[in-house]
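Good morning, and thank you for making time for this presentation. Please have the sequence and the coordinates open as I speak.

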Amino acid sequence: MPNAKRAAASKSTQAEQIAKTLKQEEAALLRADTYTKAPKVSRRTLTKEEREALAKQREAENKEAEKLAFTASKGRIGRWWARLQSGPNKITWGMAIVALGVVYGDIGTSPLYTAQTFLSGQGGLGNVDRTAVLGMLSLVFWSITMITTVKYVLIAMKIDNNGEGGIFALYSLIRRHGAWLAIPAMLGGAAFLADSVLTPAVSISSAVEGLQTLPPLERLFDENPSLTLMITVVIIVVLFSVQSRGTESIGRVFGSIVLVWFSFLAVVGLFNLSNDWTVFEALNPIYGIQFLFSPHNEAGIALMGTVFLSTTGAEALYSDMGHVGRGNIYFTWPFIKVALVCNYFGQGAWMLANNRNPEYTTMKTLNPFFQMMTPNVRYIAVVLSVTAGVIASQALITGAFTMVSEATRLNWMPHLQVRYPARTRGQLYIPVVNGVLCASTLMVLAIFKDSEHISAAYGLALTITMITTTVLLGVYLWYAGRHFGALLFTVVFLAIQVMFFIASMAKFLHGGWFTMLLTLGILFVMYTWNEGTKLERAQRRHMRPADFLPALDKLHGDFRIPYFADNIVYLTSDAETKRLDTDIFFSIFADHPKRARAWWAVSVETTDDPFTREYSVENFGTSFLFRVRIRLGFKVSQSIPAYIHQIMHDLSKTGELPKQQSLYPKVDADPDIGTIRYVLIHKALMPESKVSARGAFLLQAKYAIRHMAGSPVKWFGLAPYNPLIEVQPLFVSTRRPPRLKRTDLMRSVPLPSKRKADPAAIPNPLDTTTGLGELVKQVESTMDSADAAGGRAGSKHSGKSDFTQADVTIVSRMIRPKRH
């Protein structure tokens with residue numbers, strides 16, 4: 001009995017010492033973790049700012065509903081207005097102002113240079129008579145009417161893809177009708193993006209050059225010839241730097257200025273029209289057709305290239321529809337068109353009144369827009385035109401963001417980091433695209449120096465975009481059952497726009513080559529990415545649970561292989577949670593198998609709702625494999641590590657994930673979850689791959705583009721956690737090279753007829769499996785003997801063994817708390 005008491009007291013003291021040691025280790029671990037400030041998720045699903053934003057949105061919706069209900073009670077017109085405000089054509093004053101700033105900047109600057117280019121092509125104001133002026137005005141009016149009003153406002157804008165417009169959104173609606181439709185879609189999109197580079201350069205530089213016409217500044221610009229270029233560069237850099245704030249905040253400021261600008265255009269035009277209202281005879285299209293083919297037309301067919309300048313920016317109405325809403329464009333376009341027509345016709349009236357004035361007929365460069373104003377008004381016009389040039393650039397930049405976003409969804413461009421600084425998903429910001437556009441625009445300024453040379457390349461690419469949009473719209477109308485309308489639409493608008501293109505080709509050798517070079521470069525990126533993606537998808541495979549679970553189950557319990565990490569997290573683009581990508585499967589088993597307590601395949605999806613935070617899990621009936629699908633709103637920060645920790649804690653509480661506890665401090669400061677290793681998989685082509693030279697070139701080009709586009713490591717905040725970027729071969733069929741022939745002298749030595757076992761394959765009693773099992777069994781046997789003998793054999797072990805007493809003591813300390 002005394003021996004039993006002493007043994008019980010000894011065991012109690014030993015247990016207390018072990019518990020004390022564990023508490024000290026845990027306290028030290030927790031203290032170490034306090035030195036890091038890793039991001040963690042709170043218990044709330046919304047931040048304070050998000051709750052306030054949602055509350056304001058609900059309040060605004062309630063007020064709007066009350067207003068609509070009150071309006072609907074006012075009769076037939078009230079009910080019509082209520083229906084309009086409840087549909088996709090909703091009109092709001094705030095977004096109408098944004099539409100003015102975002103959409104109409106480019107077309108609003110056309111009066112600055114269209115008439116000037118016309119006079120230059122005709123040999124000056126002295127060579128222009130009434131027939132020429134009325135012919136030019138007729139062509140301008142009907143071009144704006146047919147291209148902008150009929151084609152885009154009345155036809156194209158009624159065709160949208162979930163509210164989004166543009167050539168890529170249109171293509172996504174009709175691509176099932178033929179693979180060839182990708183050709184005009186890619187070509188049109190590439191041309192639009194190329195023109196997005198030239199528009200900021202030509203619009204801002206031409207507006208800034210207007211400062212040279214002011215008498216007080218003439219001497220300053222004469223003494224500093226490069227001053228205009230320097231001012232243009234500064235404005236462009238500032239413009240691109242504020243894009244991250246979102247087009248809504250920019251649009252509100254620009255919209256108010258554009259409202260003033262178009263009002264100014266209309267007032268100045270009407271003031272000059274008061275002297276000669278007969279110019280409205282040009283509304284008859286006969287005047288335009290007769291002058292175009294008249295021998296008095298000095299420019300010939302190139303006149304249509306000048307007329308086309310009045311329609312630049314029409315494509316922005318369609319591509320920016322998702323930014324501001326279709327109803328707001330419908331609401332604002334009549335005002336815009338009236339202002340443009342008044343100004344053009346006012347310039348025409350001034351030309352007719354002064355075509356015999358020697359003061360103007362001898363001027364080398366004459367711009368009717370500025371000359372038809374008094375000197376005092378001209379100061380205001382120059383300031384407003386500079387601002388309008390900036391706004392014109394904004395219209396094309398926002399359109400470029402939309403184009404690239406649509407191209408990414410079609411897998412025609414690499415997946416880029418997208419931010420949504422405004423309250424609607426349509427208003428986006430892509431940092432990489434913003435940087436590329438800024439650098440390209442500055443390069444254009446460095447090459448061409450001034451607007452006169454840049455304008456030679458301006459507008460050529462946009463004619464290509466208009467032609468391809470017409471083709472796609474015709475296909476859509478045809479498959480919508482409107483066969484006659486589709487044929488009529490396609491023939492009429494192709495005839496007009498092909499004429500524009502032929503006329504614009506006169507600019508090719510004078511700068512148009514640069515536009516075409518940009519278009520071909522962007523087209524190469526789209527084509528390469530699309531074809532490379534097709535080749536990759538041809539080999540991509542997915543595995544069902546019956547195929548991958550047995551192997552993963554065996555690896556999970558194979559103690560011969562040390563843990564690569566407690567948790568291995570793979571990021572995948574596959575949103576289907578009932579299967580596993582072969583890339584992940586072979587990454588786990590490639591070379592040295594990556595054994596873990598748990599494997600995770602995580603996909604991240606961006607939703608149309610701004611503040612969504614959801615996830616779903618499929619564990620395939622296991623405790624070691626989890627397929628996670630995370631859905632985040634477009635306004636939510638995509639901090640994946642913080643969300644992964646939350647998901648692991650949630651699953652640990654429910655018992656789906658076995659308890660994990662890290663033995664040492666970690667950067668993520670989370671001792672209740674084991675170590676986490678993030679893995680991203682990239683593909684590479686093997687030298688033996690059976691693929692054509694064209695296919696190999698396309699794949700190599702795609703991987704080079706992907707490298708320059710950036711990595712998801714930065715987007716998802718993984719860089720601080722040292723992620724593993726793994727390269728796997730592209731599993732296409734490979735060629736079998738011929739066998740090698742042995743030529744050394746060992747051939748004369750007889751080879752053994754029987755195979756001998758490889759010594760490396762014979763189990764070693766000290767390997768991690770057999771040795772560990774032997775050690776654990778031995779310690780447990782020793783402890784059982786100690787319990788039975790009252791502690792007499794507590795510190796000894798019997799039998800022959802390769803393990804020392806120190807080994808036995810260490811393992812006994814590890815397993816004793818578990819046993820008790």
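Predicted model: local features only at pLDDT ≥ 70, side-chain atom pairs only at ≥ 80, totals over all residues.

Let me begin in the loop between α20 and α21, where asparagine 411 has its place. Asparagine 411 has a positive phi of about 60°, although it is not a glycine. Is asparagine 411 buried or exposed? With a relative accessible area of 16%, asparagine 411 is buried, since the limit for that class is under 20%. Its neighbours within four places in sequence left aside, asparagine 411 is in contact with Trp529, Asn530, Thr533 and Arg537.

Phenylalanine 620 is placed in the loop between β5 and β6, the latter strand covering residues 625-633. At a relative accessible area of 13%, phenylalanine 620 is buried.

Let me now step back to the protein as a whole. It contains 32 helices and eight strands. Of its 820 residues, 49% are buried. Among contacts with a separation of 6 or more, 82% are accounted for by residues 24 or more positions apart.

In soluble globular proteins, nonpolar side chains tend to be buried together. Here, the largest nonpolar core has 141 residues, and the members that touch the most others are Tyr104, Trp261, Phe262, Phe345, Phe369 and Trp412. Which helix gives this core its largest share? That is helix α20, residues 375-409, with 14 residues. Apart from this core lies another, of 25 residues, which include Val569, Leu571, Ala598 and Val636.

Setting aside neighbours within four places in sequence, tryptophan 261 is in contact with Gly108, Leu112, Phe369, Ala381, Leu384, Ser385 and Ala388. Ring pairs also link Trp261 with Phe264, Phe369 and Phe370 in a cluster.

This brings me to the aromatic pairs, of which a search of the whole structure finds 18. One of them joins phenylalanine 168 and tryptophan 412 edge-to-face, with 5.5 Å centre to centre and 85° between the planes. How many residues separate the two partners in the chain? They are 244 residues apart, and the pair thus links distant parts of the chain: phenylalanine 168 belongs to helix α8, residues 167-174, while tryptophan 412 is in the loop between α20 and α21, the latter helix spanning 431-448. Both partners are buried: phenylalanine 168 has a relative accessibility of 0%, and tryptophan 412 has 3%.

Another edge-to-face pair is formed by tryptophan 513 and phenylalanine 514, with 5.7 Å centre to centre and 90° between the planes. Here the two partners fall into separate classes of accessibility. Tryptophan 513 is partly exposed at a relative accessible area of 37%, whereas phenylalanine 514 is buried at 6%.

I turn now to the sheet. Six strands form an open sheet of mixed pairing, in the order β5-β6-β4-β2-β7-β8.

Isoleucine 568 stands opposite arginine 677 in β7. Which helix packs on the sheet? Helix α27, residues 582-589, does so, touching β2, β4 (595-607), β7 and β8. The direction of helix α27 makes about 115° with that of β7.

Finally, a word on the cysteines. A disulfide is a covalent bond between the sulfur atoms of two cysteines. A search of the whole structure finds zero disulfides. Cysteine 342 is buried, at a relative accessible area of 11%, and cysteine 438 is buried too, at 15%.

Thank you for your attention.

Methods
Residues numbered from 1 in each chain as written. Heavy atoms only, no water. Core = buried A, V, L, I, M, F, W, Y, C linked by side-chain atoms within 4.5 Å. Buried < 20%, exposed > 50% of the residue type's maximum accessible area, 1.4 Å probe, protein only. Helix = DSSP H or I, 4+ residues; strand = E, 2+ residues; numbered from the N terminus. Contact = heavy atoms within 4.5 Å. Pairing = 2+ DSSP bridges. Axes fitted to C-alpha atoms, helices over the stretch in contact; angles between N-to-C directions. Disulfide = S-S within 2.5 Å. Phe/Tyr/Trp six-rings, centres within 6.5 Å; stacked < 30°, edge-to-face > 60°.
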